[in-house]
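I opened this model to look up its aromatic pairs and a few elements around them. My entries are below, in the order I made them.

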Amino acid sequence: DAGATRTTARRDGDNWVINGTKAFITNSGTDITRVVTVTAVTGEVDGRKQISAIMVPAGTPGFTVSKKYSKVGWNASDTRELSFADCVVPAKNLLGEEGRGYAQFLSTLDEGRVAIAAVSVGLAQGCVDECLKYVREREAFGHKIGEYQAIQFKIADMEARTHVARLAYYEAASRMLRNEPFKRQAAIAKLVSSNAAMDNARDATQIFGGYGFMNEFPVGRFYRDAKILEIGEGTSEVQRMLIARDLGVRV
């Protein structure tokens, strides 16, 4: 609920004074992180919060980066909590227009959903590729397991999901690159592809059996990493709300 932000930024002469906390912030504490962009309430108009985006350089007094979260998956991604206690930055660090930070944030979410769709398609395809190699090598009950129709059907479903997800991603990406409206297409691509990634990861783990639960095989990582794709950049439930709203259904 990005519009419910409680972090505040008040003007004090030629500076902003920021107070609040942020959770689940990606790449916020790495060696290459030079600046973070913070959305904060900077005022109120007609009873509605005015949210602005402000850039805060790393190392600014009052800006604290907590230790990395211990996550189920996506361990290659740095994710932390940030806190701001009377953190002072110059007024010129305002990004865009004052009061337009929420709109800016939502626009980046649309692009982010296309990116998550791409990641999801890659993970779904990776599950297919690993399973195709495995079923040609693994034997059970005197046969390569790829000879069993139950396995064949499962892989066929995985390939079909991946194909449909890729088409949805391509459409959203192409509309974005042509500067055409793509909010609905981004939500559809994100919903369909993240579902495909999660379903394929589950099926791949099942095909690998006990080995699928071992960290030495990639499908174990796929299984851990897939779930966040249904959560990050807006949950699957949020995507359904956006699609319905764009169709004119009041949700």
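These entries go from the numbering to the rings, then to a helix and a hairpin.

**Basis.** I am working with a predicted model, in which local features need pLDDT of at least 70 and side-chain atom pairs count only at pLDDT 80 or more, while totals for chains, interfaces and linings use all residues. Residues are numbered from 1 along each chain as its sequence is written, and side-chain values use heavy atoms, with hydrogens and water left out.

**Aromatic pairs.** I looked up the ring pairs and found six. Rings of Phe, Tyr and Trp (its six-membered ring) pair if their centres lie within 6.5 Å; planes under 30 degrees apart count as stacked, over 60 as edge-to-face and the rest as tilted. Phe63 and Phe84 are stacked, at 5.0 Å centre to centre with 10 degrees between the planes. Phe63 belongs to strand 5 (residues 63-65) and Phe84 to strand 6 (residues 79-90), 21 residues apart. Helices (H or I, at least four residues) and strands (E, at least two) are DSSP runs, numbered from the N terminus.

Buried means under 20% relative accessible area, exposed over 50%, partly exposed in between (1.4 Å probe, protein chains only).

Next I took Tyr134 and Phe208, which are stacked because their ring centres are 4.0 Å apart and their planes at 15 degrees. Tyr134 lies in helix 1 (residues 101-135) and Phe208 in helix 3 (residues 183-208), so this pair ties together parts 74 residues apart in sequence. Tyr134 is buried at 9%, and Phe208 is buried at 4%.

**Helix 4.** In helix 4 (residues 218-226) I list Val219, Gly220, Phe222, Asp225 and Ala226 as buried. Helix 1 and helix 3 are among what covers them, where contact means heavy atoms within 4.5 Å.

**Hairpin.** Strand 1 (residues 8-12) and strand 2 (residues 15-26) pair antiparallel over five bridges; two strands pair if DSSP finds at least two bridges between them. The two strands form a hairpin with two residues between them, and Gly13 in the turn has a positive phi of about 70 degrees. Which residue of strand 2 is the bridge partner of Arg11? I find Trp16. The charged end of Arg11 also sits over the Trp16 ring, 5.3 Å from its centre (NZ of Lys or CZ of Arg within 6 Å of the ring centre and within 35 degrees of the ring normal).
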